[in-house]
Each structure stands twice: as C-alpha cells, then as structure tokens.
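User: I'd like to learn how to read a ligand site in a model. Can you walk me through one?

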Amino acid sequence: MELVNPKVETYCHEQTQAEPELLQALAEDTRAHMPMAQMLTGRLEGRFLKLLVQLTGARRILEIGMYTGYSALSMAEALPEDGELITCDIDPAAEAFARRYFAQSPHGHKIRVAMGAALDTIAGLSGEFDLVFLDADKESYPAYYEAVLPLLRRGGLLVVDNSLWSGKVLKPEDEASLAIAELNTRIAADPRVENVLLTVRDGVNLVRKR
Ligand SMILES: C[S@@+](CC[C@H](N)C(=O)[O-])C[C@H]1O[C@@H](n2cnc3c(N)ncnc32)[C@H](O)[C@@H]1O
C-alpha cells in the first residue's frame, strides 16, 4: 500500500533541503552495491532526524539498526563536537561500508559502532540517552522498546521507524506486522510516554518519555 501519494512524496523530497554531498554519495553507493537498499532512510527522513536532534538538543543518541550509516551520519551532523551516537548492527558488510563513510565525514568521530545482536548491546550499555532511533529487525520491536525505555532520560525522545510497515499494521498477518502493530498499541496506551504516529515515509512514531 502506498501511504502517501507518490507525487506528494516526490514533491516533499524536492522541497526538503538536500543532504550533504557525502550522504548523497553514500545513498547512491548503497543503491548500486548493497542488497535491500530500500532500507536506507533517505533525504526526507534523514533531514527529519537531523532536525529532531537539533530541536531536542540531544547530546547522546542510540541507534538500533545502522545498515550503511545514512541515518547515523544524518543525526551525527546535528550533534555537538563532544556528542556521541552509538549505533548497532549485526551485518559485517554493512559495517565495512558504513565505516568507510564515517571515516570521510567530519562527524564520523562522534559515531561508535557496536556490532552484535542489539538486545545484547543494549544490555551492556550504561548512562542515559537523549534520543533513541529504532530501525532494526521488526519482529523484536516490542522487546527493543522495553529494553531502551529505561535508558532514555525523562523528556527524551524515542523515534520508531517503519511504524506503518506499508500499511500492513492495519491488518497484521506476518510476524513483523504483528510485532509493529503490537508495539503501536502498547505505546498508545502506555502512561510512561506520550506519542504521535506520523505518516512520514513508512510511518514514524515519535515517543516522548514522561
Ligand atoms: C532498516 S536497516 C537500518 C537502516 C538505517 N537506519 C538507515 O537509515 O540506513 C536495519 C538494520 O538492522 C540490522 N539488524 C537486523 N537485526 C539486528 C539485530 N538483531 N541487532 C542489530 N542489528 C540488526 C540489519 O543488519 C540492518 O542493517
């Protein structure tokens, strides 16, 4: 299901300021050489994430699901020089790709890559985060939510990507759709947070911890 009319989506893309050249090159390189390139967030959501980091004044970010590093670099752009972004992934090919671009970016030094199953990585983290971006395996979304909420500072922001999953959450049948739909329902009823589910790209759930 198309969530947004493709002409409107293209218009929004065109009317959103361009990302830096390095990010454009990363996106093109990903599309040319990596499988599942549709996983990359892209200009609209990438600029949105950067803006969220700016607006919240986040200094410490946790990303679950790095892939080739597009969203990590987008958010790192808005971090202060001494800010930190920890990003998790399990795919060594994606790691090698992302590290190549982090090394070329003036913001790459703010990023720490944590390889291994994200739930294990999260269990080993200490200290609070100002912002968490959730964008890894959808089947684990409810588990990620419960794991990261205690690490988020009060007033901190959790950003959940693919919260509409091409509209499949309306009639969830497969494991991923069921997990996302379950999390959406849980968040909407959770007194620990306040949220708004946006139709940005594939659905972005903005969740603020009370
Ligand atoms: C949708 S992609 C992330 C896209 C990225 N945020 C971007 O904007 O380019 C999801 C990533 O999660 C990773 N992943 C899947 N299962 C994981 C797990 N259990 N722990 C950590 N990362 C995982 C995949 O290898 C994949 O690179």
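User: By class, which residues make up the shell around the ligand?

Analyst: Ala, Val, Leu, Ile, Met, Phe, Trp, Tyr, Cys and Pro count as nonpolar, Asp, Glu, Lys and Arg as charged, and the others, Gly among them, as polar. Here the shell has 11 nonpolar, 4 polar and 5 charged residues. This is a predicted model: local features need pLDDT of at least 70, side-chain atom pairs count only at pLDDT 80 or more, and totals for chains, interfaces and linings use all residues. Residues are numbered from 1 along each chain as its sequence is written, and side-chain values use heavy atoms, leaving out hydrogens and water.

User: How many residues surround the ligand, and which are the closest?

Analyst: A residue is near a molecule if one of its heavy atoms lies within 4 Å of it. Here 20 residues surround the ligand. The closest are T41, G65, S71, D89 and D135.

User: Which ligand atom lies 2.7 Å from the side chain of S71?

Analyst: Look for polar contacts, meaning pairs of N or O atoms within 3.5 Å; within protein, one must be able to donate a hydrogen and the other to accept it, and residues adjacent in sequence count only if both atoms are side-chain atoms. For S71, a ligand nitrogen is 2.7 Å from a side-chain N or O atom. For Y144, the distance from a ligand nitrogen to such an atom is 3.4 Å. T41 places a polar side-chain atom 2.9 Å from a ligand oxygen.
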